[in-house]
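Please go through the points below with the model open beside you.

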Amino acid sequence: MNFALLFLIINIVFFGGIAYYFSVQRKQLQDEEEQAQKRHEYADISVERERKELEEELVEVREKGEFILDESEKLAQELIYSLDSALGSEGRKISDLYSKDRPIEEQLGFLREKIKHEYVDKIHSLLKRLEKFEMQKAVNVEKFASEQEERNDKNMQKVRMEELEKIHEKIENYKNAEIALFDKKVKVVIESAAMDVLGHALTNQEQEELIIKALTKAREENIL
Amino acid sequence: MNTEKNVVSTLFERDILVNFLYQLDYFAFKKENSIKDFILKSLPVKMQESILQYFSQETENNNIDALVLKSKSLIKELSSLPVITLTVNTQLTEEQIYSISKWIQENTGIKVLLHFVEMENVVGGAIIESRGYIRDYTVKKYFEKRKENYGF
């Protein structure tokens, strides 16, 4: 009877021990899994945060670019419309000149060139046409145009053009960096291909000669 | 025995010969066939003549103990040979291996075993591993160095 009781107690202790051991192991595994999960979550959060920051930055740049585009367009439109009105013809819809579907970077570059060549040329051309009108009208229009020009230079236009220049410079730098990277990648690919071709182009005799050359060099450097 | 020039030039050949010499010990114990037959059966053709010649005295006299003793001495000699590892682009012919082995022996005065490793991206020349040094003497390395120095 005593022996049976002892046996029972030993069994209980033994299996209890095993159960405890496994429960500890399980707990450890759970802890590890939780920690790994947390690490993953933290990494995901970091990546997501950086992605959002980048996106926000990009949105900001785009908004700024679009604002400059709109303002510049409005300015040029107003100027040409005023001149056209003074000359008796209808204003031209400037927004038709470029597509909204184009990327903002392209539009900025496009507008910069357009303002420089087309709008300025157009204004100059209109101003020249003024010479053909009566003196009084011409004086009035020229006065108006010069006022516009003066006001724009002093206030908004200069700032806008400077911002436009800055963004354009940023885009140029980005493009140059991309081109440099592309150039580097191309070089690596070409080199790799050249090496591959060279490796296959060498005859066995040439391979042997190059190996002997390698051994000669190794002997000179006391490697052998 | 001129092991490099006539019988073994490479680590691979050395292993074949050493394996044979260990089997020779076992063969001597069994004493089933003639030693000559065993050599002809076990070794590559290029090694057979030299080995037969090397053990000629022992085989003629049928002195098994002397043969085993000599084979053990040869194993020791072969195992002590230094090894030069050459990583190359292509599989070389036996003649080329012999030629390279001969060049090393003539130019360094040492008996060595060559170990050839084939690697596709090794271009022109070889990566040499000897006496604990590893050096890249390939054309690829040359181009890389030139690029570092001159940027092209």
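1. Aromatic pairs. Three aromatic pairs are counted over all chains. The rule takes rings of Phe, Tyr and Trp (its six-membered ring) with centres within 6.5 Å; planes under 30 degrees apart are stacked, over 60 edge-to-face, the rest tilted. One of the pairs joins Phe14(A) and Phe15(A), edge-to-face, with 5.3 Å centre to centre and 70° between the planes. Phe14(A) is partly exposed at a relative accessible area of 47%. Phe15(A) is exposed at 52%. The cut-offs are under 20% relative accessible area for buried, over 50% for exposed, and partly exposed in between (1.4 Å probe, protein chains only).

2. A pair in chain B. Tyr54(B) and Phe55(B) also form an edge-to-face pair, at 5.0 Å centre to centre and 75° between the planes. Are these two residues buried or exposed? Tyr54(B) is buried, with 16% relative accessibility. Phe55(B) is buried too, at 0%.

3. Basis of the values. The model is predicted: local features need pLDDT of at least 70, side-chain atom pairs count only at pLDDT 80 or more, and totals for chains, interfaces and linings use all residues. Residues are numbered from 1 along each chain as its sequence is written, chains are lettered from A and ligands numbered from 1 in the order written, and side-chain values use heavy atoms, with hydrogens and water left out.

4. A charge over a ring. Lys70(B) sits over the face of Tyr54(B), 4.5 Å from the ring centre. The test asks for NZ of Lys or CZ of Arg within 6 Å of the ring centre and within 35 degrees of the ring normal.

5. Gln48(B). This residue belongs to helix α4 (residues 45-54) of chain B. Helices (H or I, at least four residues) and strands (E, at least two) are DSSP runs, numbered from the N terminus. Gln48(B) counts as buried, at 13% relative accessibility. Which residues does Gln48(B) contact, leaving aside neighbours within four places in sequence? They are Ile39(B), Leu40(B) and Leu43(B). Contact means heavy atoms within 4.5 Å.

6. Chain B as a whole. Chain B has eight helices and four strands. Along the sequence they run α-α-α-α-α-α-β-α-β-β-β-α. Of its 152 residues, 41% count as buried. Among contacts in chain B with a separation of 6 or more, 64% come from residues 24 or more positions apart.
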